[in-house]
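Take a minute to turn the model around on your screen before you read on. Then we'll go through it together, piece by piece.

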Amino acid sequence: MEITYASHSFADLRTASMASTTTAALTRPVRVIPMQHPNVASSSSPAPNVSVLRWVSKLRQMTWLEWMEFFLPCYRWIRIYKWREYFQVDLMAGITVGVMLVPQSMSYAKLAGLQPIYGLYSGFVPIFMYAIFGSSRQLAVGPVALVSLLVSNVLGSVADTSSELYTELAILLALMVGVLECIMGLLRLGWLIRFISHSVISGFTTASAIVIGLSQAKYFLGYDIERSSKIIPLVKSIIAGADKFSWPPFVMGSVTLTILLVMKHLGKSRKYLRFLRAAGPLTAVVLGTCFVNIFHPPSISLVGPIPQGLPKFSVPKAFEYAESLIPTAFLITGVAILESVGIAKALAAKNGYELDSNQELFGLGVSNVLGSFFSAYPTTGSFSRSAVNHESGAKSGVSGIVSGIIITCALLFLTPLFENIPQCALAAIVISAVMGLVDYDEAIFLWRVDKKDFLLWTITSTITLLLGIEIGVLVGVGASLAFVIHESANPHIAVLGRLPGTTVYRNVKQYPEAYTYNGIVIVRIDAPIYFANISYIKDRLREYEVVVDSATRRGPEVERINFVILEMAPVTYIDASAVQALKDLYQEYKLRDIQIAISNPNPEILLTLSKSGLVELIGKEWYFVRVHDAVQVCLQHVQSLKPGGGGSDSSRTSRSSSPSSFAQPREENRTSIDLESGYGKPPLSRIRDSQSEPLLSKEH
């Protein structure tokens, strides 16, 4: 690469390069890499339909195999499926999850305020549909505790849980959630959920788990409590009915819960006993049913008759209530994205395949839409069942199909056996499942790592507990967005200094040994520049102009700042408002004889600045590839501004010939290499010819 040598006295870098040999005797020339400026005339903005044309072109180039995978994601694993190797582990994983799903689905239906049969219906069609249209090979779809609580909380204020309208609204909600998920998947809008921070999600799920646990207390205590998603009414209701307390359901529920927790712990801690984790819910149901059939305790409430057979096809009803359910549908969709897509991506990474989050969202939507035509309420991916599916060795959607077959068999043949299941046993299954959602470890971690995230966690969990789920989610998301906006509007800005013996410039707060130069401020902006943060950036620049730490400054002693160098490598975007603000800042600096220099802008930023006329306004000679190039040019300008520092040829000759360094900081005559290195030793050995040593190697 050919290197251009330029002196500060030449605006044209090429002219400076040609003249460098004649000025060598006068002063050491400044060596800079020439900035490649874009041709604004040829860099016109792309046509608005370019992205559409590219998308159409991509569709035309797709093969029939890619079209099959696009419409039926299951084809991706079907065409590479190794039946002899995978089928046995998929069969065992599917049976394990299916055995776990049967009692869980009935428990979650009770939590949602529905009859247990609708939990089984929700584990029927959606599982088969997801196996076909979903892209995750390990995600276990079906009823989950959090969605069930949302359904109960919203529909409980619209209709009575024992009414037919309540059931119709739950099924309609499944259709609405499915449509929303399909639309978001097709429009590739899954990225919207990224604005909800992990601390908000953790705080929300922790509070929801506590509310779910308290709502199930009525089956343990033996008396009804108020249906609410707020902790205070629940606690008041529990205390108020204490005189109706019944020992038999409490003892039975507590024993069942203990068995579940012990089996879950053994299944997690010992690999050879991991089957116990999945067998826990079934064990609780079997033991409870046997106890009831033997002793017939009158004070323990039972599930009661459950219809036998598969659900019939029917179109969802009660569309006149659809408008009032839209906020809940959005909320459940958000929870589905957070809960399902998050774990699906994690499982895909563990099993070595790629997962498209938008395709995943579409698959969940299809399973909810088609499930609603067979009496299912909203479903999504389950953390616990997906983890069991993965630990059982599931390799493909075959495991989901096997689980669906088990639900089918339960609907066809086993529902008469479910009549005598104690409700306290189902409540114990729910409580054991949500206990894992109480994420106090995350709160401790956030307190140690980031107090702001801990504050978000605390706000979300507290508001959810005190004011309800909907308000808790809104406040949590609002607080999360407020933090994002605050960070964006108040970006990190650093003053840079030169690391001794190098041409590397770093944050002086992070590297206290880095030194700066008198008359020059080097500022790095670590964010896009746009209308919301430009005022903050201008205020900080004015502040840096006034507040000067003279202890770490070197070079010619001048009374004020003459140059402001903006390091723009981290800046990925700049809008019109920011460009206009930079123009105003330039004019403001010009009145005070301060020159702006721009370092290392990316091509898009440089093109925007060129189109706006800011490049011509500041001057192309003040745009540099590196911070060090800008510093070299500015240093020689600062030296020329000092009295006797560069006003005559004799002074230049004196500085060029003088061997003295900044070991004598009061000396006026200094070479350029001394200016760059400060009053210490120069970074390059003086035996080398500093004028012939380029920043990069020359190619002849």
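A few ground rules come with it. This is a predicted model, so to speak of local features we need pLDDT of at least 70, side-chain atom pairs count only at pLDDT 80 or more, and totals for chains, interfaces and linings use all residues. Residues are numbered from 1 along each chain as its sequence is written, and side-chain values use heavy atoms, with hydrogens and water left out.

**Salt bridges**

Here, a salt bridge is a side-chain nitrogen of Lys or Arg within 4 Å of a carboxyl oxygen of Asp or Glu. The count comes to eight. Here are three of them:

| Pair | N to O distance |
|---|---|
| K452 and E487 | 2.3 Å |
| R542 and E588 | 3.0 Å |
| E588 and R592 | 3.4 Å |

Start with K452 and E487, whose side chains meet in a salt bridge. K452 lies in helix 21 (residues 451–467) and E487 in helix 22, so this pair ties together parts that are 35 residues apart in sequence. Helices, by the way, are DSSP runs of H or I with at least four residues, numbered from the N terminus. Both partners are partly exposed, K452 at 36% relative accessibility and E487 at 38%. On this scale, buried means under 20% relative accessible area, exposed means over 50%, and partly exposed is in between, using a 1.4 Å probe and protein chains only.

Now look at R542, which forms a salt bridge with E588. This pair also links distant parts of the chain: R542 is in helix 23 (residues 534–546) and E588 is in helix 24 (residues 576–591), 46 residues apart. As for cover, R542 is partly exposed at 28%, E588 at 22% and R592 at 31%.

**Empty spaces**

Rolling a probe the size of a water molecule over the atoms shows where empty space is left. The search uses a 1 Å grid over the protein atoms alone: a cavity is a set of points where a 1.4 Å probe fits but cannot get out, a pocket is an open set with protein on both sides within 12 Å along at least five of seven lines, and lining residues have an atom within 4 Å of a point.

There are three cavities of 30 Å³ or more. The largest cavity holds about 170 Å³ of space. Its lining has 18 residues, with Y130, L139, A140, V141 and G400 nearest the centre. Helix 7 (125–133) and helix 18 (398–414) each give two or more residues to that lining.

The largest pocket holds about 830 Å³. Which residues lie nearest its centre? They are F383, S384, A433, G436 and L437, out of 32 lining residues. Helix 10 gives the largest share of this lining, five residues.

**Surface and cysteines**

W191, L192, F195, L481, V484 and I485 form a nonpolar surface patch with about 520 Å² of accessible area together. Patch members have over 30% relative accessible area and no salt bridge, and nonpolar side chains are joined within 5 Å. L481 sits in helix 22 (residues 469–489) and is partly exposed at 33%.

Finally, the whole structure has zero disulfides, a disulfide being a pair of cysteine sulfur atoms within 2.5 Å. C409 is partly exposed at 33%, while C634 is buried at 0%.

Conventions: Patch = residues over 30% accessible without salt bridge, like charges linked within 9 Å, V, L, I, M, F, W, Y side chains within 5 Å. Areas by Shrake-Rupley, 256 points an atom, 1.4 Å probe, with all protein chains shown as cover. Points joined across faces, edges and corners; volume = space filled by probe spheres on them.
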